Amino acid sequence: MAMTLEEAPWLGWLLVKALMRFAFMVANNLVAIPSYICYVIILQPLRVLDSKRFWYIEGIMYKWLLGMVASWGWYAGYTVMEWGEDIKAVSKDEAVMLVNHQATGDVCTLMMCLQDKGLVVAQMMWLMDHIFKYTNFGIVSLVHGDFFIRQGRSYRDQQLLLLKKHLENNYRSRGRKWIVLFPEGGFLRKRRETSQAFAKKNNLPFLTHVTLPRSGATKIILNALVAQQENGSPAGGDAKELDSKSEGLQWIIDTTIAYPKAEPIDIQTWILGYRKPTVTHVHYRIFPIKDVPLETDDLNNWLYQRFIEKEDLLSHFYETGAFPPSKGHKEAVSREMTLSNMWIFLIQSFAFLSGYMCIGSGFFISNWSSPACTREVIIQDFTPELPL
């Protein structure tokens, strides 16, 4: 009983903080998302006149929105430590991120750790489950050009055709350069048993920290975006050798997310902040596209090898609390990812100010345009004529 009484104030304060954070998240969404939509509508003439500039501005606003989501976890003490290769070196090139998937917090983690990688977030396209289309952020993703994929064997062929068409219509026309893909096709806890049964049946490695990846979406992306040189080989190579104007997909970034004690963070925890401050660890390994096979069987084997390596990386992390050193290095080097509090304050302030202006403008117009509203307003003998 004594322990319960001692814990009561702490639990009470935790509940109050969770409610306050939830209220702020709701308010943040109510002002930021309508403001984004409002600006997109206002900028439609620019889309006609200069489509490239329109999508650049839209991408910046998209980055700000994802920055707001990242800030919810940042202020709850959910930070990121980065390992492996520095992906800032390829942030201006076209790349695909292959990420293991454990929980909804994986997406939030990526939203956070990619904020300081230049325009990566602004120029990024996400491939996500179709259920996210019906969330509060769904309309933003639809405008931005993210792709919602429906899971299931019966939908697979149709969805891959839709993905191919979506890339052709939206990827380069909107200035996109990065794609985030979760090849496992679902959360680890939901797919692990099925994956292990498939591995046993087909004499493949038994994995516990990841599942065997699916190659359909990866193959579509590579075939659609890899630029072919005159000799037929994919465009790729070292970053120093690439011309700044070269086109086509250039890198595959194998991304591995690890949570302490293998306890992933979900979106509810990210929003409410009831879990103690946690450091999520993200490991990167960069592959030139010229080293990635495009034929189906070879690509399958290549992807399997990447996830076998992820298994080893995660096993080492859970045993030691750190990722192993990269090849050619004696010690593993980590980099603490940070967000600028001033930058967060500025984008949040802009969102709330924009929301206030949008709501105020809507209220003003609705009052002037309402047929039931009768007013006598004389401003220098000028009577505004607003459409009903």
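Residues are numbered from 1 along each chain as its sequence is written. In this predicted model, local features need pLDDT of at least 70 and side-chain atom pairs count only at pLDDT 80 or more, while totals for chains, interfaces and linings use all residues; side-chain values use heavy atoms, with hydrogens and water left out.

**Overall make-up**

The chain holds 11 helices and eight strands. Both are DSSP runs numbered from the N terminus: helices are H or I with at least four residues, strands are E with at least two. Of the 388 residues, 46% count as buried. Buried means under 20% relative accessible area, exposed means over 50%, and partly exposed lies in between (1.4 Å probe, protein chains only). Contact means heavy atoms within 4.5 Å. Among contacts between residues at least 6 apart in sequence, 76% join residues at least 24 apart.

Helix α3 spans residues 51-74. Its end C-alpha atoms are 34 Å apart, which agrees with the 34 Å that 24 residues should span at 1.5 Å a residue. The expected span is 1.5 Å times one less than the number of residues. In α3, 18 of the 24 residues are buried, so this helix is largely enclosed by the rest of the structure.

Cys108 lies in helix α4, residues 105-113. Cys108 is buried, with a relative accessible area of 3%. Leaving aside neighbours within four places in sequence, Cys108 is in contact with Val69, Ile267 and Trp270. Cys108 and Leu66 are 42 residues apart in sequence, yet 8.4 Å apart in space, C-alpha to C-alpha.

**Helix α10**

Helix α10 covers residues 296-320. Its 25 residues reach 36 Å from first C-alpha to last, close to the 36 Å expected at 1.5 Å a residue. Its buried residues include Leu299, Asn300, Trp302 and Leu303, and also the charged-type names Arg306, Lys310 and Glu311. The buried residues of α10 pack against α7, α8 and the strands β2 (95-99), β6 (251-258) and β7 (278-288). Just after α10, Gly321 takes a positive phi of about 85 degrees.

Ser215 sits in the loop between α7 (188-201) and α8. Ser215 is buried, with a relative accessible area of 16%. Not counting residues up to four places away in sequence, Ser215 touches Leu299, Asn300 and Leu303.

Axes are lines fitted to C-alpha atoms, for helices over the stretch in contact, and angles run from 0 to 180 degrees between N-to-C directions.

| Helix pair | Axes come within | Crossing angle |
|---|---|---|
| α6 (156-170) and α8 (216-225) | 10 Å | roughly 30 degrees |
| α8 and α10 | 10 Å | roughly 120 degrees |

The angle makes α6 roughly parallel to α8. Angles under 35 degrees count as roughly parallel, over 145 as roughly antiparallel, 65 to 115 as roughly perpendicular and the rest as oblique. α6 passes α8 in a right-handed crossing. A crossing is right-handed if the near helix is turned clockwise from the far one by less than a right angle, and left-handed if anticlockwise. From α6, the contact uses Leu160, Leu163, Lys164 and Leu167; α8 supplies Gly216, Ala217, Ile220, Ile221 and Ala224. By class, that is seven nonpolar, one polar and one charged residues. Ala, Val, Leu, Ile, Met, Phe, Trp, Tyr, Cys and Pro count as nonpolar, Asp, Glu, Lys and Arg as charged, and the others, Gly among them, as polar.

The crossing of α8 and α10 is right-handed. Here Thr218, Lys219 and Leu222 of α8 meet Thr296, Leu299 and Leu303 of α10. These residues divide into three nonpolar, two polar and one charged.
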